[in-house]
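Welcome, and thank you for taking a look at this one with us. Please have the structure open as you read the points below.

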Amino acid sequence: MYPKLIIDLKKLENNLNAVAEITKDRGHCSLMIVTKGLCADKEMVKMVAENPNVDFIADSRVKNIASFADTARAAGKKTVLLRIPMHCEAAEVVKYVDLSFNSELSTIGLLNEEAEKAGIVHDIVLMIDLGDLREGIFFEREDLIRQAVSEILKMKNIRLYGIGVNLTCYGAIIPKYDNLSKLVEIGRKIEEEFGIELQMISGGNSSSIYLIDKGEMPEGINNLRLGEAFLLGNDTAYETKLPGTTGDGLILQAQIIELKEKPSLPIGEVGVDAFGQKPYYEDRGMMKRAIIGIGKQDTDLDSMTPRDSQIEIMGGSSDHIILDVTHCDREYKVGDIVEFELGYGGMLKTATSPYVEKEYRK
């Protein structure tokens, strides 16, 4: 059945080994593989858990982690929650997550209470905001960082495992030697002032990996969290392909459900489309237009690249995508399959959609 997401586990494993060589062998960092890009797909998680290069398996959703916690722990990998927890999920976090990222003392206090009930000590990473303005205590507020550490160290069932930062995802701030050095400096001040040793200074995600081969990763950064780098082979700071990786480990297949010649301009007064946007159309005369059976509910049109370079994506609605196949050498017909390589947004939506089938290649 279509649409279908082809997951080539061998290519993904090659990507994993390639980024591990950069991160661990050259960067001397522990490797945290992020599974949310494929919605914690079970076959992918199994492959990741069995790989000796992986130290942690992370996701942003507790529900995803619950689905693979046993698999990860049986393989000796710690489970990690990347998104700072909601109060309502504190008990589940303690149950399924070995290490969670946090920035709010009230939430950490709830985790401490739940960990005490469970008779365990829960590890946390305290997030520091270096200017991307997503989660974390703002780096210039050393008083708030000091206060947070002081309160955390009083909690009997919480261990301050380390500190971390997220960059690029919201503010698009690129990791550099200068800003990541501030994270290392904050870590050193915490260790000196409180007489503790931090196990982890996590220097970001797939946008930080490029610093290793440039020789600009600050000494002291000892962990990276990689999702897109592993799944799509991308350095997300500058959108370059990482050495030894491939971007076609994930392929979306969709079936043509209509193929007709029609004008390029809609006829009548133009209002807004199904998503409230007013579209713009270019007059290209008569066109051969193919409709495929997938839409914006299932994928991201701006994050799909047809493998047939003569196809152009014209637009779409919730259930349909319209393609210009006028200049294709191939004579497409109704029922034919069109293939697409995916960017991050397309990967995330297709993996999450219950309407997209999955097929594995090993």
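This is a predicted model: local features need pLDDT of at least 70, side-chain atom pairs count only at pLDDT 80 or more; totals for chains, interfaces and linings use all residues.

- How many of the residues of strand β6 (residues 122-129) are buried? The count is 8 of the 8, so the strand is largely enclosed by the rest of the structure.
- In a regular strand, side chains alternate between the two faces of the sheet.
- In β6, His122, Ile124, Leu126 and Ile128 point one way, while Asp123, Val125, Met127 and Asp129 point the other way, and all are buried.

**The partners of β6**

- Strand β5 (residues 99-102) runs parallel to β6, and 4 bridges join the two. Here asparagine 102 stands opposite leucine 126 of β6.
- Strand β8 (residues 158-164) also pairs with β6 in the parallel sense, over 6 bridges. Methionine 127 has glycine 164 in β8 as its bridge partner.
- Strand β7 (residues 137-138) is joined to β6 by 2 bridges, and these strands run parallel. In this pairing, phenylalanine 138 of β7 stands opposite aspartate 129.

**Helix α6**

- Helix α6 (residues 142-154) has 13 residues, which at 1.5 Å a residue should span 18 Å; the end C-alpha atoms are 19 Å apart, which agrees.
- Which residues of α6 are buried? They are Ile145, Ala148, Val149 and Ile152. Seen down the axis of α6, the buried residues fall within an arc of 95°, so they line one face of the helix.
- An α-helix has 3.6 residues a turn, so residues three or four places apart point the same way.
- The buried residues of α6 pack against α5, β6, β7, β8 and α7 (177-194).

**Helix α7**

- Buried in α7 are Asn179, Leu180, Leu183, Val184, Ile186, Gly187, Ile190 and Glu191. These residues cover an arc of only 155° around the axis, which puts them on the same side of α7.
- On the other side of α7, Asp178 and Glu192 are exposed.
- What covers the buried residues of α7 includes β6, α6, β8, β9 (200-202) and α8 (210-213).
- Glycine 195 follows α7 and has a positive phi, near 65°.

**Cysteines**

- How many disulfides does a search of the whole structure find? The search finds 0.
- A disulfide is a covalent bond between the sulfur atoms of two cysteines.
- For cysteine 29, the closest cysteine sulfur is that of cysteine 169, and at 17 Å it is too far for a bond. Cysteine 29 counts as buried because its relative accessibility is 3%.
- Cysteine 88 has its closest cysteine sulfur in cysteine 39, at 18 Å, which is again too far for a bond. Is cysteine 88 buried or exposed? With a relative accessible area of 68%, cysteine 88 is exposed.

How values were computed
Residues are numbered from 1 along each chain as its sequence is written. Side-chain values use heavy atoms; hydrogens and water are left out. Buried means under 20% relative accessible area, exposed over 50%, partly exposed in between (1.4 Å probe, protein chains only). Two strands pair if DSSP finds at least two bridges between them. The expected span of a helix is 1.5 Å times one less than its number of residues. The arc is that of the directions from the helix axis to the C-beta atoms. Contact means heavy atoms within 4.5 Å. A disulfide is a pair of cysteine sulfur atoms within 2.5 Å.
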